[in-house]
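Welcome! Keep the 3D view open and look up each residue as it comes up.

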Amino acid sequence: MRAAISLLVLLFSMCGAQTRSTQTEVQTESQSTGAAAAAEVSTRLDVSAELRELRDMVVELRVLLTLTQNELRDIKEEIKTKVEALERGLVASETKVEAQEAELTAVKARLAASEAEVENAAQEAELTAVKTRLAATETEVDNLKKITEKSKVAFSAGLTDSGYIESGNNELNLVFSKVITNVGQAYNSRSGFFTAPVRGVYYFRFTVRDNLESRYMAIQMFKNGQQLMFLWDTDTDGYANYLSSGLTLQLEVGDEVNLRIPADYRLYDNSSNYSTFSGFLLFPL
Ligand SMILES: *[C@@H]1O[C@H](CO)[C@@H](O)[C@H](O)[C@H]1NC(C)=O
Ligand SMILES: *[C@@H]1O[C@H](CO)[C@@H](O)[C@H](O)[C@H]1NC(C)=O
């Protein structure tokens with residue numbers, strides 16, 4: 001385009017110079033009147049030639065202008081196409097960015113949901129663990145309650161209100177028939193046996209009396225038919241003698257404890273409660 005304009009300027013300046021030189025020639029030639037007519041014809045021919053030349057030049061310039069205009073239009077078109085392409089590209093990029101942003105938002109939402117799920121799962125697991133522990137604790141509490149209920153064990157009983165109790169030819173299981181206390185009913189006042197209701201450590205004690213005039217007295221403690229203790233005493237004055245002792249025993253559920261006297265022995269009691277048998281649970285195991 002710039003080249004075309006330069007060409008145009010050059011053409012115009014050339015044209016101006018030619019006109020001026022033509023005028024000079026005209027003036028010079030007019031001075032010579034002799035050859036005036038011939039000169040005038042010549043001059044006219046020259047002017048026509050120049051005019052033709054100028055017309056050709058204008059035609060050329062028009063062609064050039066048209067070409068330049070076409071070129072300009074092409075360039076404009078090209079630029080427009082490029083700009084449009086760029087715009088399309090920009091729009092596409094923007095769309096892509098928007099899509100990516102949307103995707104990012106979706107991913108974030110999914111992540112948040114996953115995190116919430118994980119947290120929920122953790123809380124559920126914790127809850128389940130707590131429930132399990134609670135159930136175990138409840139079972140334990142129930143067991144403890146049962147044990148505590150069964151652990152209320154204490155008894156005391158007097159032997160008899162009716163004087164002497166004698167074994168005769170065979171050893172005798174003593175039945176302390178006068179119940180003073182029997183919490184938990186572990187002592188049987190008809191058989192004289194104590195039966196352990198829970199596994200634990202128990203304490204048993206007794207005090208028994210006889211009136212000794214040249215006799216022996218004795219007492220034995222048994223656990224499940226096995227002797228644990230044998231005490232005896234003797235005297236000649238006919239007054240009261242007492243045997244008294246106690247044992248701490250570890251018993252399983254169902255273990256039995258009782259007192260006996262050997263064959264041909266006796267004990268004394270009346271409403272004064274001289275002979276008594278007592279026991280209680282110290283603690284369960
Ligand atoms: C109980 O025994 C003692 C000693 O033998 C006697 O002194 C007392 O009178 C007896 N009591 C009863 C109520 O029989
Ligand atoms: C002997 O024990 C019974 C029963 O607990 C009681 O009622 C009685 O008063 C006791 N006898 C004496 C002399 O303390």
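A nitrogen atom of ligand 2 sits 2.8 Å from a polar backbone atom of serine 271. Keep in mind that this is a predicted model.

**Around ligand 2**

- Four residues surround ligand 2: Ile180, Ser271, Ser272 and Asn273.
- Asparagine 273 has a polar side-chain atom 2.4 Å from an oxygen atom of ligand 2.
- On its own, ligand 2 exposes 360 Å², and the protein buries 37% of that.
- Sorted by class, the shell of ligand 2 holds one nonpolar and three polar residues, with no charged residues.

**Around ligand 1**

- Which residues are around ligand 1? They are Arg209, Tyr268, Asn270, Ser271 and Tyr274.
- In the side chain of asparagine 270, an N or O atom lies 2.2 Å from an oxygen atom of ligand 1.
- For tyrosine 268, the distance from a side-chain N or O atom to an oxygen atom of ligand 1 is 3.0 Å.
- Tyrosine 274 places a polar side-chain atom 3.5 Å from an oxygen atom of ligand 1.
- Taken alone, ligand 1 exposes 360 Å², of which the protein buries 41%.
- The shell around ligand 1 is made up of two nonpolar, two polar and one charged residues.

**The nonpolar core**

- The largest nonpolar core contains 29 residues, and those with the most contacts inside it are Phe176, Phe194, Tyr202, Phe204, Ile219 and Phe277.
- Several strands each supply at least two residues of this core, among them E1 (154-158), E7 (215-223) and E12 (276-284).
- Strand E6 gives the core its largest share, five residues.
- Setting aside residues up to four places away in sequence, phenylalanine 204 touches a list of residues including Phe155, Phe194, Met221, Leu247, Val257 and Phe277.

**A buried arginine**

- Find arginine 266 in strand E11, which covers residues 266-270.
- Is arginine 266 buried or exposed? Arginine 266 counts as buried because its relative accessible area is 10%, and the cut-off for buried is under 20%.
- The side chain of arginine 266 makes a polar contact with the side chain of aspartate 210, at 3.0 Å.
- A polar atom of the arginine 266 side chain also lies 2.9 Å from the backbone oxygen of asparagine 211.
- Beyond its neighbours within four places in sequence, arginine 266 is in contact with residues including Tyr164, Ile165, Glu166, Glu213 and Ile261.

Methods
Residues numbered from 1 in each chain as written. Chains lettered and ligands numbered in written order. Predicted model: local features only at pLDDT ≥ 70, side-chain atom pairs only at ≥ 80, totals over all residues. Heavy atoms only, no water. Near = heavy atom within 4 Å. Polar contact = N/O pair within 3.5 Å; in protein donor to acceptor, adjacent residues only side chain to side chain. Areas by Shrake-Rupley, 256 points an atom, 1.4 Å probe, with all protein chains shown as cover. Nonpolar A, V, L, I, M, F, W, Y, C, P; charged D, E, K, R; others polar. Core = buried A, V, L, I, M, F, W, Y, C linked by side-chain atoms within 4.5 Å. Buried < 20%, exposed > 50% of the residue type's maximum accessible area, 1.4 Å probe, protein only. Helix = DSSP H or I, 4+ residues; strand = E, 2+ residues; numbered from the N terminus. Contact = heavy atoms within 4.5 Å.
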